[in-house]
Amino acid sequence: MDDNVLISEELNDDDIVAMYSSLDTEEEDCEETPVKTSKREAMEALVTLHKYFEMSNIDNSNIFDQIYSIEKQVSATSNQVQTNITDYFKS
C-alpha cells in the first residue's frame with residue numbers, strides 16, 4: 001500500500017544550489033561580531049560581583065581576594081592606542 005507513496009523527489013541542480021545558499025545566509029546571520037568590553041565596564045562588573053558576594057553573606061575571604069586580584073589586573077592594563085609610523089619622524 002505504501003509502495004506508491006511519494007516520500008521524496010529528485011532534486012535538480014537549481015534546487016540543490018538554492019538549498020545550500022539559504023543555509024549560508026542563515027549561518028552568517030547567526031554569527032555575531034564580539035564587542036570589545038571597555039576597562040570601565042570590566043571594573044563595574046567586578047564591583048557588581050563584589051556586592052553580590054557581600055550581600056550573599058558568603059564568608060569566604062578567598063573569593064574577595066580573587067576579585068581584588070582581578071581588579072588589580074584590570075587596573076594595571078593600559079589603554080594604549082597604536083601610533084602611526086609617521087609619528088616617530090619629525091617634520
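**Figure 1. Overall fold of the predicted model.** The protein holds three helices and zero strands. From the N terminus on, its elements run α-α-α. The protein has 91 residues, and buried residues make up 9% of them.

**Figure 2. The largest nonpolar core.** Six residues form this core: L46, F53, I63, F64, I67 and V74. Helices α2 (39–55) and α3 (61–76) each supply at least two of the core residues. Helix α3 gives the most, with four residues. In soluble globular proteins, nonpolar side chains tend to be buried together.

**Figure 3. Contacts of F64.** F64 is one of the six residues of the largest nonpolar core. Leaving aside residues up to four places away in sequence, F64 touches H50, F53, E54 and I58.

**Figure 4. A nonpolar surface patch.** L11, I16, M19 and Y20 make this patch, which covers about 370 Å². I16 lies in helix α1, which spans residues 13–30.

**Figure 5. I16 within the patch.** Why does I16 count as partly exposed? Its relative accessible area is 32%.

How values were computed: Residues are numbered from 1 along each chain as its sequence is written. This is a predicted model: local features need pLDDT of at least 70, side-chain atom pairs count only at pLDDT 80 or more; totals for chains, interfaces and linings use all residues. Side-chain values use heavy atoms; hydrogens and water are left out. Patches are made of residues with over 30% relative accessible area and no salt bridge: like charges are joined within 9 Å, nonpolar side chains (Val, Leu, Ile, Met, Phe, Trp, Tyr) within 5 Å. Accessible areas come from the Shrake-Rupley method with a 1.4 Å probe; for residues, only the protein chains shown count as cover. A salt bridge is a side-chain nitrogen of Lys or Arg within 4 Å of a carboxyl oxygen of Asp or Glu. Buried means under 20% relative accessible area, exposed over 50%, partly exposed in between (1.4 Å probe, protein chains only). A nonpolar core is a set of buried Ala, Val, Leu, Ile, Met, Phe, Trp, Tyr and Cys residues joined through side-chain atoms within 4.5 Å. Contact means heavy atoms within 4.5 Å.
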